[in-house]
Amino acid sequence: EIWYNNEEVKSVIKTVEEAIEWIHSRLPFGMRPGLDRVKALLELIDNPEQNLQMIHVAGTNGKGSTVSYLSCMLQELGLSVGTFTSPFIEVFNERIAINGQWIPDEAIIRLVNKYQPFVALLDDQPAVAGITEFELLTVMGLDYFQEQQVDVAIIEVGLGGLLDSTNVIEPILTAITTIGMDHTDILGETLEDIATQKAGIIKPNVPLVTGKIEEAALKVIKETAMKQNAPIKCFEEDYQVVYQGPDSKWGEIFDFYNEAGKIKNIKTPLLGEHQIENASLAIELFFSYCHLKQIPIKQEWIINGLAQTHWPARMEKISDEPFIVMDGAHNNHAMKRLVENVMREFPQRKIWILFSALETKDITQMLAELARIPSSELLVTTFDHPKALHIEKLKSMSGVTSIKTAAAWQLGLADLLEKSMADDLILITGSLYFVSEIRQFLLNH
């Protein structure tokens, strides 16, 4: 037990800026797979996760929008729904939210003051020293959800699954959205390796829903589910979608089928074929939740819930004139989907692309994907992040010598705005950190 009196603790934090700075001060501890530190901190605060009903969502891409769709549908039941997501697009607080309302500044300040002495205590014990920023946020989210007595919390995995700090929870449902090659330095070099890590969230007897996953990876997931005796529902096997076409305003229209029947002409306000897959996975999860809770399903909950969904920086239209779309396609898997969507949705338009990414990503491959878009012009730039792509480094990469660059994204954006015509599309894509930096600038000007 730690007893401390605010007067005696020198570093009582008074502003949210100081609180977030302290959370960020744990960033140098990096990404360190393992659950010991999180468990130790949770134990010091009486294990709030043991009093929560949770749904755990892993996957390479599509986690965020799936969480958002599911949260909106569960809110149609009148539930209080917590969501833990990353990274943030607009403000830090959005990572922890209840019914779409971000955690307030005062709650962040209060929780940081609560945790400072506990973290100092753990730092003195070599076995559990050095809790990371993400581990700290995981605990804060669980603590806040329990304190606010949410009916259900949807927890998005940070990285992988098996050793991700969120994997301390005992969920009532799990989901794996997609499997692609990302974070191979940590998760492994093959789809099977990555699938093994993601499948680490599967728990004994806990129902699992999977999205559109390649055969080799799905095989690993099914084997894990069998060992854990976890019932599994798979995309195209247990539930299907039929694409009906784009919505005239913005978004997609599709029909959904599962063993319970079919729902026709569902609209998702998010654009792109992959959004239909994410929405259908969320619908199947919603069915699983209602089944567990013995709630008879009404179609309007699904239709209204999806219609309410908003997920920034995912094929998001920021402006009509000029026509600007943003998408945080931050790895090869996401970039491939983005390119397919752009070619399908905007075949007649000239496309101006502003791109940047983190140096840890396979930039050459992402640029090769973007080069497939007909009648497009690409401008590569950089942004404010310690791991952001350096323009000089880009020039030394193989096969990208002819690419145009801008020393700062502000210059690049100004250049594209000047060149583009009324019927053209300006696409801003790459790292979510990059996209959110420009998004804030555009929305504030």
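Predicted model: local features only at pLDDT ≥ 70, side-chain atom pairs only at ≥ 80, totals over all residues.
Me: What should the 13 residues of helix 8 span?

Reply: The expected span of a helix is 1.5 Å times one less than its number of residues. Helix 8 covers residues 215–227, so its 13 residues should span 18 Å. The C-alpha atoms at its ends are 18 Å apart, which agrees.

Me: How should I read the sides of a helix, and which residues of helix 8 are buried?

Reply: An α-helix has 3.6 residues a turn, so residues three or four places apart point the same way. In helix 8, the buried residues are Ala217, Leu218, Val220, Ile221 and Ala225.

Me: I turn now to the rings. How many aromatic pairs does the structure hold?

Reply: Rings of Phe, Tyr and Trp pair if their centres lie within 6.5 Å. The structure holds 11 aromatic pairs. In one of them, phenylalanine 383 and phenylalanine 434 are 5.4 Å centre to centre with 50° between the planes, and the pair is tilted. Phenylalanine 383 lies in the loop between strand 15 (376–380) and helix 13 (391–395), and phenylalanine 434 lies in helix 15 (residues 432–443), so the pair ties together parts that are 51 residues apart in sequence. Phenylalanine 383 and phenylalanine 434 are both buried.

Me: Why is the pair of tryptophan 409 and phenylalanine 441 edge-to-face?

Reply: Planes over 60 degrees apart count as edge-to-face. The planes of tryptophan 409 and phenylalanine 441 lie at 75°, with the ring centres 5.3 Å apart, so the pair is edge-to-face. Tryptophan 409 is in helix 14 (residues 409–419) and phenylalanine 441 in helix 15, so the pair ties together parts that are 32 residues apart in sequence.

Me: Is tryptophan 409 buried or exposed?

Reply: Tryptophan 409 has 4% relative accessibility and therefore counts as buried. Phenylalanine 441, at 32% relative accessibility, counts as partly exposed.

Me: Which residues do ring pairs link into a cluster?

Reply: Ring pairs link Phe235, Tyr239, Phe256 and Phe287 into a cluster.

Note on methods: Residues numbered from 1 in each chain as written. Heavy atoms only, no water. Phe/Tyr/Trp six-rings, centres within 6.5 Å; stacked < 30°, edge-to-face > 60°. Helix = DSSP H or I, 4+ residues; strand = E, 2+ residues; numbered from the N terminus. Buried < 20%, exposed > 50% of the residue type's maximum accessible area, 1.4 Å probe, protein only.
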